[in-house]
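Here is a friendly walk through a protein chain, one topic at a time. Have the sequence and the 3D view open as you read.

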Amino acid sequence: DMRPRSRSRRLLTTRRKRMPIKGSTAAKKASSLDKLKQLSQRGSIDIAHEEQIQEICKHLILTDAQLEEMMVSMEKSMEEGLEKDTASSAAVKMLPSFVRAVPNGTEVGDFLALDLGGTNFRVLLIRLDGKQAKMEGKIYRVPERIMTGSGSSLFDHIAGCMATFMEEHELKDAKQLPLGFTFSFPCRQEGLTSAKLISWTKGFAASGVENEDVVQLLREACHRRGDIDIDVVAVLNDTVGALMSCAFNENSCQIGVIVGTGTNACYMEKIERCSKLEGVVDINDGGPDEMIINTEWGAFGDDGAMDSIRTRFDEEVDRGSINPGKQLFEKMISGMYMGEIVRVVLERLAREGLLFNGEYEAISVPGSFPTKFVSEIESDVLEDEDRTFQKTFQILEDIGVENVSAMDCANVAYVCSLVSTRAAHMTAAGIAMLLNRMNKKYVTVGVDGSVYRFHPSFPKLLDEKIDNLIKGDLEYQLMLSEDGSGRGAALVAAVASRVKRERGEK
């Protein structure tokens, strides 16, 4: 076992397999927040109103003590979701995935994967032979009218795209192709092939799908067409896919996390710690004594458990969202909301006369500040040696703010970095809590999602904070999960087919 034992050297292992952090060498040394502090100390930008701005924003900064308190209350919420007496009313749903094994390298064959989790969906064909996975796929749009139309037209649209894909790959005549269906919305699973939608999230609102079995809806849409023959062998959440996809390369992967449009996590839990599974899963069935649990942690705090750290800015974003009062943890972290939190803070500062010369009309338009601006502005600060804030000026001009100074740009970057740092630290607290709970010697955490991939300092902030918050001599590494929702779905399908085969042989 070559793994380093001391925590300080362990940090090298967490860097080893992690994607490089984009940007200049300066970016590797400091986050944009550090960089801005250096600038204001050196006086190269005079941060006027600095104290007033810091006062208004101070609740966006979380101390380790607050994060540790949050970890305790998050674990308590998770336990409520696992206990049979409290599960039905728990904010954090802790949904069983019925996936009890990770790939072992003997999975072979052709598998389809269908990935629906946002405004795009994908159809993929994956050829597995043990350690290689060859993949071809295609992305299709889900138009707004279909996202919010009827459930049958949503699934007809999906089946239609699948038929096109199968035709292009000469699979029209293939019989009973095994398919893994990644459906990244909260579902009650009753088995590997049955998932009832609890509630739509992420802007979807198709009618007649909530409380229905989405596998059944997909099968019915395929039957209505009559020209494709698929066998849905597993339905899964994208976090489970991220975990499985990582485990294909790294057997120690036991946690999957998504920080993208939404946020969620899953992890390997001992079945005996889930009293709600009594009578659902036979602990003596000869299968593994663990199961991947999809936490649905985005809903943490929906019962008030997080009120002490929510700010008036978070409350405003929640009020303006499609699902007020729901997914409150997610709304402080994920890509669908991060830009909007920044916008709400900037609007407040502009109305107080602390930004843009008091000009607030343009920044008052909800949705006018998408999360990609947060990443771009923070990259601008990190890469910008001459303090020209060129990209930031451009973004603010595009939004329609007219009176912008270099100082405004620095203050906008300051707000961006506070909001993204808080998101990284809250995500880190969730992951550290899971690592502490599992208490395994060495765990790989598979992470995916647009915020993790594209924000310039999110991975580094996440990693450093997990290291601060985990107990004792636990070791971990973060690993970018390659295409969990596509390759991961095929792997769940493959493992399911393998387990079925092995059980048949016994």
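## Burial and overall fold

In this predicted model, buried residues account for 59% of the 506 residues in the chain. The fold is built from 17 helices and 13 strands. The radius of gyration is 23 Å, close to the 23 Å that the globule rule gives for 506 residues, so the chain is as compact as a globular protein of that length.

If you like to picture a box, the C-alpha atoms fill one of roughly 75 × 50 × 45 Å along the principal axes. Contacts also reach across the sequence: of those with a separation of 6 or more, 73% are between residues 24 or more positions apart.

## A buried serine and its partners

Let's visit helix α9 (residues 238-249), which is where S245 is found. How exposed or buried is S245? With a relative accessible area of 0%, S245 is buried, because anything under 20% counts as buried.

Leaving aside residues up to four places away in sequence, S245 touches S481, E482, D483, G484, R487, G488 and L491. To see this in your viewer, select S245 together with those partners.

## Two helices crossing

A pair of packed helices is described by the angle between their axes and the distance between the axes. Here, helix α12 (residues 371-383) packs against helix α14 (residues 406-438) at an angle of about 115°, and their axes are 9 Å apart. The crossing of α12 past α14 is left-handed.

Which residues make the contact? From α12 come V374, I377, E378 and V381, while α14 supplies V412, A413, C416, S417 and S420. Sorted by class, the contact of α12 with α14 has six nonpolar residues, two polar ones and one charged one.

## Aromatic pairs

Now for the rings: searching the whole structure turns up ten aromatic pairs. One of them is formed by F121 and Y140, which are stacked, with 5.5 Å from centre to centre and 25° between the planes. F121 sits in strand β3 (residues 120-129) and Y140 in strand β4 (residues 132-141), so this pair ties together parts that are 19 residues apart in sequence. Both F121 and Y140 are buried.

The rings of F369 and F373 meet in another way: their centres are 5.6 Å apart and their planes are at 90°, so the pair is edge-to-face. F369 and F373 are both buried too. There is also a cluster to look for, in which ring pairs link F181, F183, F185, W200 and F204.

## Two glutamines with positive phi

Most residues other than glycine have a negative phi. Q176 is not a glycine, yet Q176 has a positive phi of about 50°. You will find Q176 in the loop between α7 (151-168) and β5 (177-183). Q176 is partly exposed, with a relative accessible area of 45%.

Q327 also has a positive phi, of about 60°, although Q327 is not a glycine. Where is Q327 found? Its place is the loop between α10 (312-319) and α11 (338-351). The relative accessible area of Q327 is 8%, and Q327 is therefore buried, since the cut-off for buried is under 20%.

Definitions and conventions:
Residues numbered from 1 in each chain as written. Predicted model: local features only at pLDDT ≥ 70, side-chain atom pairs only at ≥ 80, totals over all residues. Heavy atoms only, no water. Helix = DSSP H or I, 4+ residues; strand = E, 2+ residues; numbered from the N terminus. Buried < 20%, exposed > 50% of the residue type's maximum accessible area, 1.4 Å probe, protein only. Contact = heavy atoms within 4.5 Å. Axes fitted to C-alpha atoms, helices over the stretch in contact; angles between N-to-C directions. Left-handed = near helix turned anticlockwise from the far one by under 90°. Nonpolar A, V, L, I, M, F, W, Y, C, P; charged D, E, K, R; others polar. Phe/Tyr/Trp six-rings, centres within 6.5 Å; stacked < 30°, edge-to-face > 60°. Rg over C-alpha atoms; globule rule 2.2 N^0.38 Å.
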